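Hi,

Here is the structure I promised to pass on. Have a look at it first, and then read my notes below.

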Amino acid sequence: MLADFHDFTPFTIERDGLRIAGLRGGRGAPLLLLHGHPQTHAMWHRVAPALAERFTLVLVDLRGYGDSARPAPDATHAAHSKREMARDALAAMRHHGFDRFQVLAHDRGARVAHRLAADHPTAVERLLLLDIAPTLAMYERTGEAFARAYWHWFFLIQPPPLPETLIASDPARYVRSVMGARHAGLAAFAPEALAAYERAAALPGTAESICEDYRASAGIDLEHDRADIAAGRRLAQPLRVLWGAHGAVGRNFDVLALWRARADQVDGQALPCGHYIAEEAPALLLDEARAFFRHA
């Protein structure tokens, strides 16, 4: 556990036979934190201690990442769907006695948060999502520039075993290649955090889970999104979206317009950083979180 989390307590729960791991710390209104790819809860180390002064934080490792379990792949990729990941997060919050809470989430975790708010609207009070547009819209509007920047979206969904074999052959190189190729390079990451990401990436089954996560996003997750749209289901919770001014999402998509097509109350802005907002611009993110989340 990173030194920044010395006041946090590790926990594990079991849901449907799978172990879900995380940390709890702080005091105040409950706030769920969900990380992105190819990271773990460690990505919050620059903001969590300060947030813990106002909120009770629950940091969850998504299934397939960190110290949570790696489900076996299945033909429909349902075990790695954002719906199942959302149920894991909901179970973690209920384990700690929280039936209603707020959510701060990045990247893959933000896609889980979107599904969590859609499937369990009474549980989620408000959401702050980092550097994503809705998954369906991003796939439907993919152009050359986005495909070049987010090459891993299309590499990871290729049939097994090619992508998982290549990742498993050198997990640390995969982590450094994906994360280091973005705006701020590897200099954005504390050495101990980068070591945590590399350690988790090397655990057995991680390469398979990473690929299954993305295969789900390009398959069953899109089915769930299309069903929401067909039924007229929209997010009713207050939603704030932040994205990196130097990242591919904001350059290639009208982020606010795409979220306004899926949610009733949306605002947000670009921050002067790249994709990894919590590690590149932690002070700005803290200002945003303190202003947006209810802590009384």
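Let me start at Pro 160, which is exposed, because its relative accessibility is 55% and anything over 50% counts as such. Keep in mind throughout that this is a predicted model. Pro 160 sits in the loop between H6 and H7. Its C-alpha is 8.4 Å from that of Cys 211, although 51 residues separate the two in sequence. The bond from Pro 160 to Pro 161 is a cis peptide, with omega about 5°. Pro 161 belongs to the loop between helix H6 (151–155) and helix H7 (162–169).

There is another cis peptide to look at. The bond running from His 37 to Pro 38 is cis, and omega is near -5° there. You will find Pro 38 in the loop that links strand S3 (29–34) to helix H1 (48–51).

While you are checking the backbone, two residues have phi values worth a look. Most residues other than glycine have a negative phi, and most peptide bonds are trans. His 77 is not a glycine, yet has a positive phi of about 65°. That residue is in the loop between S4 and H2. Asp 131, also something other than glycine, has a positive phi near 60°. Asp 131 falls in the loop between strand S6 (124–130) and helix H4 (135–140). Is Asp 131 buried or exposed? It is buried, because its relative accessible area is 1% and the cut-off is under 20%.

Now the overall picture. The protein has 15 helices and eight strands. Its radius of gyration is 17 Å, which agrees with the value near 19 Å that a compact globule of 296 residues would have. The C-alpha trace spans about 50 × 40 × 40 Å along the principal axes. Of the 296 residues, 59% count as buried. The accessible surface is about 11,400 Å², and carbon and sulfur atoms account for 52% of that.

On the charge side, I get 33 positive and 35 negative side chains, with the centres of the two sets 3 Å apart.

Next, the inside. In soluble globular proteins, nonpolar side chains tend to be buried together. Here the largest nonpolar core has 102 residues, and the members that touch the most others are Leu 34, Trp 44, Leu 57, Leu 104 and Leu 285. Helix H2 (residues 82–95) is the top contributor to this core, giving six residues. Leaving out residues up to four places away in sequence, Leu 285 touches Trp 44, Val 47, Leu 104, Leu 128, Leu 130, Leu 242, Ile 277 and Ala 278.

Met 138 is another one to click on. It is in helix H4 and counts as buried, because its relative accessibility is 0%. Which residues does Met 138 touch, not counting those up to four places away in sequence? They are Arg 111, Ala 133, Phe 146, Tyr 150, Trp 153, Val 249 and Phe 253. The C-alpha atoms of Met 138 and Leu 258 are separated by 9.0 Å, while the two residues are 120 apart along the chain.

Ser 81 is buried, since its relative accessible area is 2%. Beyond residues up to four places away in sequence, Ser 81 touches Ala 216, Ile 220, Asp 221 and His 224.

Last one: Asp 264, in strand S8 (residues 263–271). Apart from neighbours within four places in sequence, Asp 264 is in contact with Arg 234, Leu 235 and Ala 236.

Cheers

Methods
Residues numbered from 1 in each chain as written. Predicted model: local features only at pLDDT ≥ 70, side-chain atom pairs only at ≥ 80, totals over all residues. Heavy atoms only, no water. Helix = DSSP H or I, 4+ residues; strand = E, 2+ residues; numbered from the N terminus. Rg over C-alpha atoms; globule rule 2.2 N^0.38 Å. Buried < 20%, exposed > 50% of the residue type's maximum accessible area, 1.4 Å probe, protein only. Areas by Shrake-Rupley, 256 points an atom, 1.4 Å probe, with all protein chains shown as cover. Lys, Arg positive; Asp, Glu negative; His and termini not counted. Charge placed at Lys NZ, Arg CZ, Asp CG, Glu CD. Core = buried A, V, L, I, M, F, W, Y, C linked by side-chain atoms within 4.5 Å. Contact = heavy atoms within 4.5 Å.
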